[in-house]
Amino acid sequence: MAEEKELSYSEAIEKAGSAIHRFRLIEVKGIPLMEHIANSWDPIWAFQPDPSDLLIATYPKAGTTWTQEIVDLLLHDGDAEVCRRAPTAVRIPFLEIVSPPPIPSGLDQLSKMAPPRVIKTHLPFQLVPEGFWENKCKAIYVARNAKDNLVSYYHFDRMNLTQPEPGPWDGYLHKFMRGELAWGSWYDHVKGFWQEREKRNILYLFYEDMKENPRREVERIMRYLDLSLSDDVIRRIVELTSFKAMKDNPMANYTFIPKPVFDQSISPFMRKGEVGDWTNHFSPEQSQLFDEDYERQMKDANIPFRATI
Ligand code: PPS
């Protein structure tokens, strides 16, 4: 019998066809997750990384893809061709993702890769498999100010046809404040990693710092990874990871996810890439309400977020 050709990531999604729809959320230890993830939770929690693996952790829409591209380029000496070897989601598997077959899960992908691997997660700190900390893996956390993070998530949920229906903006804003979106509360997420950053040697970055001075932040990541690259290579990495360059890069702009999952005609994955777009979405009343609630939810934290730069 002829051996079946392995499907590409995009082909697997096409093949999953009608099994793709807006999935409901099911709580795992109080955190709402997509049903396929919740239903396959045990092996995710039991995942054993290698000490050489690197974790990139974020709340959804905080700058994950950007950081993934920077890290991949740093690890490959700024070689743009090597970093176009496959789409982001194949180069850097998404630890907890589980989708209808034949789409490979994050764990399936990782089982076929030899360490050192770079691994993406949106899990809050308490749900990250403990093996990462037992093995003293390096971890980079990227946080984005709540208002821009919320706006980006809203547009993403409009176009990602596997996420719950976002509904109207005002209702979505309240769901965000109540921590009802997939992967739970933004407030608890950013605080959870902040509290653990020193003990676990987590590099805690801010999207706004990356926008303000990308070179400084690329160098910060480089040092954390114990790399030392030439000025020219660093300059090239900064150029290759600009919003414009990544929007035009088919291996980074998520056009490799077919339309039944990401309908980029509704809203592009690389949407605006700015700090302060929230001012185009929040009414003055919504902004005031959000700020008052923010004070309450963040009063025990002292994280230097900036909603403008
Ligand atoms: S995901 O789905 O959680 O992995 O999304 P994530 O990559 O975390 O976030 C997507 C937002 O990041 C913006 N983005 C960038 N901004 C600046 N520079 C670069 N290079 C870059 N790459 C991605 C992307 O446009 C999304 O933000 P919004 O505000 O929606 O444009």
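I started at His122: one of its polar side-chain atoms lies 3.1 Å from an oxygen atom of the ligand. I keep in mind that this is a predicted model.

Next I looked up backbone atoms facing ligand oxygens. A backbone N or O atom of Gly273 sits 2.8 Å from one such oxygen atom. For Gly63, a backbone N or O atom lies 3.0 Å from an oxygen atom of the ligand.

How much of the ligand's accessible area does the protein cover? I read 98% of the 650 Å² that the ligand has on its own.

Then I asked which elements give two or more residues to the shell. I found helix H4 (64-75), helix H8 (146-159) and helix H14 (243-247). H4 gives the most, with three residues.

I counted 22 residues around the ligand. The closest are Thr64, Thr65, Ser152, Tyr207 and Lys272. By class, the shell holds nine nonpolar, eight polar and five charged residues.

I moved on to strand E3 (residues 54-58). Five of its five residues are buried, so I note E3 as largely enclosed by the rest of the structure. Which way do its residues point? Leu54, Ile56 and Thr58 point one way from E3, while Leu55 and Ala57 point the other way.

Last, I checked the partners of E3. Strand E4 (residues 118-121) runs parallel to E3, joined by four bridges. Within E4, Val118 is the bridge partner of Leu54. Strand E5 (residues 138-143) also pairs with E3 in the parallel sense, over five bridges. There I found Val142 of E5 opposite Thr58.

Conventions:
Residues numbered from 1 in each chain as written. Predicted model: local features only at pLDDT ≥ 70, side-chain atom pairs only at ≥ 80, totals over all residues. Heavy atoms only, no water. Near = heavy atom within 4 Å. Polar contact = N/O pair within 3.5 Å; in protein donor to acceptor, adjacent residues only side chain to side chain. Areas by Shrake-Rupley, 256 points an atom, 1.4 Å probe, with all protein chains shown as cover. Nonpolar A, V, L, I, M, F, W, Y, C, P; charged D, E, K, R; others polar. Buried < 20%, exposed > 50% of the residue type's maximum accessible area, 1.4 Å probe, protein only. Pairing = 2+ DSSP bridges.
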